[in-house]
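This briefing concerns one protein model and takes up a pair of facing residues, the sheet around them and the chain as a whole. Please consult the sequence and the structure below while reading.

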Amino acid sequence: MSTKLTEEMNDEGDVRRAVAPHQRDFPYERGEEAHVTRREFCNFLALTSTALFVSAAGFAAQGALDSRGAETFVPAKIEGAEALAPGAALNFRYPTEDDTAILVRTADGQYHAYGQKCTHLACPVYYERQRQRLECPCHEGGFDVSTGNVLYGPPPRPLDQIVLEVRGAEVWAVGRKAGEHERSV
Ligand code: FES
C-alpha cells in the first residue's frame with residue numbers, strides 16, 4: 001500500500017478513509033470465519049506446523065548457501081578507482097561479469113560500493129551528485145550513499161553492499177553482502 005501513514009492520518013476516521021479502497025478490492029467477510037469446526041481447526045494446526053518446519057529447513061539451507069557463498073568471492077581490483085575524485089562514481093562488475101555495481105567516492109574521500117540493482121524491481125541505480133545519494137529512476141527510490149539504506153520510495157531493503165579494501169592507492173572488491181535489514185520507514 002503506498003498510502004502515506006503520516007500525521008495526516010492520525011485518527012481512526014482518516015485511517016478508515018485511507019484503507020476503504022483496499023477493503024473494497026480485497027473484501028474480508030467476518031461471517032465466514034464465525035463458525036470454525038474442530039476439524040478445520042486441527043487442519044489449520046497441522047498446516048501451520050508443516051509450514052513452520054519447512055520454513056526452518058529453508059532458513060537452514062539458505063544459511064548454508066550464504067556461508068558457502070561468502071567463501072567463494074575472489075578479490076578483484078576496481079580499475080580506475082584510484083583516479084576517482086571525491087563526489088564522483090564509476091561502474092564496475094563484481095563478483096561476476098553479470099553483476100553490475102557502482103563505486104562512489106564521497107566528499108570526505110571514503111569509498112562505498114553497492115550492487116547496482118534496485119531492491120524493488122531491479123532497475124539500475126545511479127549516483128545523484130547534487131543530492132549525494134543513490135537514486136532509482138523507475139519508481140523514484142532513493143538510497144543513502146554511505147550505508148545503502150532506503151531513504152524513500154518503494155524499495156523494501158537496502159542495496160547489496162560490495163565489501164571493499166583499500167590497498168595503498170588501489171581499491172579492491174573482496175565480497176558482497178545482501179542488504180538484509182528491513183527499511184525502518
Ligand atoms: S525499481 Fe527501483 S524503485 Fe522500483
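Arg133 stands opposite Asp144 in E7. The model is a predicted one, in which local features need pLDDT of at least 70, side-chain atom pairs count only at pLDDT 80 or more, and totals for chains, interfaces and linings use all residues. Residues are numbered from 1 along each chain as its sequence is written, and side-chain values use heavy atoms, with hydrogens and water left out.

**Sheet**

- Strand E6 (residues 133–136) and strand E7 (residues 141–144) run antiparallel and are joined by four bridges; two strands count as paired if DSSP finds at least two bridges between them.
- These two strands belong to an open sheet of four strands, ordered E5-E6-E7-E8 with antiparallel pairing.
- Strand E5 (126–128) and strand E8 (150–152) are the edge strands, each pairing on one side only.
- From one strand to the next, the twist averages 40°, with axes taken as lines fitted to C-alpha atoms and angles running from 0 to 180 degrees between N-to-C directions.

**Glu135**

- Glu135 lies in strand E6.
- Glu135 counts as buried because its relative accessibility is 7%; buried means under 20% relative accessible area, exposed over 50%, and partly exposed in between, with a 1.4 Å probe and protein chains only.
- The Glu135 side chain makes a polar contact of 2.8 Å with the side chain of Arg131, and another of 3.3 Å joins the side chains of Glu135 and Tyr152.
- A polar contact is a pair of N or O atoms within 3.5 Å; within protein, one must be able to donate a hydrogen and the other to accept it, and residues adjacent in sequence count only if both atoms are side-chain atoms.
- Leaving aside neighbours within four places in sequence, Glu135 is in contact (heavy atoms within 4.5 Å) with residues including Tyr126, Glu128, Gly141, Gly142 and Tyr152.

**Whole chain**

- The protein chain has two helices and ten strands, in the sequence pattern α-α-β-β-β-β-β-β-β-β-β-β; helices (H or I, at least four residues) and strands (E, at least two) are DSSP runs, numbered from the N terminus.
- Of the 185 residues of the chain, 26% count as buried.
- Among contacts with a separation of 6 or more, 38% are between residues 24 or more positions apart.

**Confidence**

- The chain averages a pLDDT of 75, and 59% of the residues score at least 70; pLDDT is the predictor's confidence in each residue, from 0 to 100.
- Over residues 1–37 the pLDDT is below 50, and this stretch has 13 contacts in the model beyond near neighbours in sequence.
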